[in-house]
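Let's walk through a structure together, one feature at a time. Have the picture open while we talk.

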Amino acid sequence: MNDLQDPQALRDIVIVGGGSAGWMAAAALSKAVDTRRCRITLVESDEIGTVGVGEATIPPIRTFNQVLGIDEAEFMRRTQGSYKLGIQFVDWGRTGHSYFHPFGPHGLAFDLAPLHQYWLRSRQRLQLPAIDEYSMAWAIARRNRFARPVGDPRSVMSSFDYAYHFDAGLYARYLRELSEARGVRRVEGKIESVTLQPDNGHVASVQLVDGQVLPGDLFIDCSGFRGLLIEEALHTGYEDWTHWLPCDRALAVPCASVPGGFTPYTRSTAHAAGWQWRIPLQHRTGNGHVYCSRFISDDEAAATLMSRLDGQALAEPRLLRFTTGRRRLFWNRNVVALGLASGFMEPLESTSLHLIQSGISRLLALFPDRRMDALTRDEFNRIGIEEFERIRDFIILHYKLNDRPEPLWRACREMAVPDSLQWKIDHFRRSGRLVSRGNDLFGPQSWLAVHMGQFNEPEGHDPLVDLRTVDADAMLERQRQAMAQTAESLPGHDSFVAQHCAARPVNV
């Protein structure tokens, strides 16, 4: 150890639990920290499974991988990945209707006001297509094509972003290799007990069933719903959001791929008592049914899921029980919770892995020493709580804005929502304005897609557009045609993957 190192610097970081959360933390910490100065140990048991339903992501995952020095093509091959341009929502606003939540804006801005404000005005006189048709991401996705965006802001090919679908278990395995190569020590075993420091209640060490004791200065709890350290040892408490997000169970099952099913987008289909996800990978398709057990039995939910698979099921459905919400603190004493240990947000908008990534980024930005400064912890928790609550509001929006007849959907339509969300709904309904307090993970284009896709129709538009002289009708049509023509020229999604990042076949 360097003689100049601060005696208060961390010397031992212990990550409790593997899976995506544990190995994402290990990979990022070992990239940021010299493991010769600060030991990083990850303890996990092969006997304890991981949830691993987070196979769909949002664009910030690309930044995370780039920071780790991961080559995109190699990552895609190793994780059986495919590309994702957004999410198609089927039957959410009402049965028989669908819309697209794109990664990227609706069109290129051509004047002072947002493009959708001109669209709102023009459609009062013209039979305009849905706002989806002005999204480059959707123009590409609907044709099952793919290419990466370009940097020229004048091109419609600059007006979209992308993320990935991948096998979360294979991702964790890949990150484990990177982490161990950088000095992370993996310890196999189950934790039997946790020892707290008598003076301040911090976690001093964890003891495994085989008697091995692992001391640490900072502990990262990636133990899943159980919250072995953050809850069982420190009794942090949990804030339950079931009254806003009533789904409490999920069934997950893979199925065989089918011709034409390798789409560059996730599909979410609403059902009578919940919704179903569909995530295409190179070697299979991931499926799941998220539902509320008050309105449907597990057997009925399984039957609904199994009857709506694209291909032959490759396993029996796996049941997960959860309570949507968050820990009251994400960082308590010397324990930081990541992943399911920190809380649960149903995977409707593919935020599970992002919340892990975000927690890791916050930890690195507010990295502690052995004193565990309370001011630093408070800031970590403030930012994390704010992020969770803004994502929560965005997910609630999907349930609140519906015109479906079933009891679950009627209850969601009639429920009171958080004031922070109602404020956004009211502003959009009045004049199509997309307001925000601070930095939402989901930007204006995301809120616009759900508001319009689920029929929160604005009463008017921004008055500014009536005082402008731009020929908005022509600009809108020009962009729509340019997007359609450009998308037609792109390679198919399957062809692009086959050429750039085809994975070796695996046993499924």
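**Reading the features**

Q: Is H235 buried or exposed?
A: The cut-offs go like this: buried means under 20% relative accessible area, exposed over 50%, and partly exposed in between, using a 1.4 Å probe and protein chains only. H235 has 63% relative accessibility, so H235 counts as exposed. Keep in mind that this is a predicted model, where local features need pLDDT of at least 70, side-chain atom pairs count only at pLDDT 80 or more, and totals for chains, interfaces and linings use all residues. Residues are numbered from 1 along each chain as its sequence is written, and side-chain values use heavy atoms, with hydrogens and water left out.

Q: Where is H235, and what is its phi?
A: Helices (H or I, at least four residues) and strands (E, at least two) are DSSP runs, numbered from the N terminus. H235 sits in the loop between α7 (228–233) and β12 (238–240). Its phi is near 50 degrees, a positive value in a residue other than glycine.

Q: What about N144?
A: N144 has a phi near 55 degrees, again positive in a residue other than glycine. You'll find N144 in the loop between α5 (136–141) and β6 (163–165). With a relative accessible area of 23%, N144 is partly exposed.

Q: Which residue does UniProt list for "binding site"?
A: UniProt positions are given in the numbering used here, with shortened feature names, and annotations may be inferred rather than shown by experiment. The unreviewed UniProt entry lists K84. K84 lies in strand β3 (residues 82–84) and is buried, at 0% relative accessible area. Contact means heavy atoms within 4.5 Å. Leaving out residues up to four places away in sequence, K84 touches several residues, including F103, D161, H165 and S350.

Q: How do α3 and α6 cross?
A: Axes are lines fitted to C-alpha atoms, for helices over the stretch in contact, and angles run from 0 to 180 degrees between N-to-C directions. Under 35 degrees counts as roughly parallel, over 145 as roughly antiparallel, 65 to 115 as roughly perpendicular, and the rest as oblique. The axes of α3 (residues 72–79) and α6 (residues 168–181) come within 8 Å and cross at roughly 125 degrees, so the two helices are oblique to each other.

Q: Which residues meet there?
A: From α3 come E74, F75, R78 and T79, and they meet L170, Y171, Y174 and E177 in α6.
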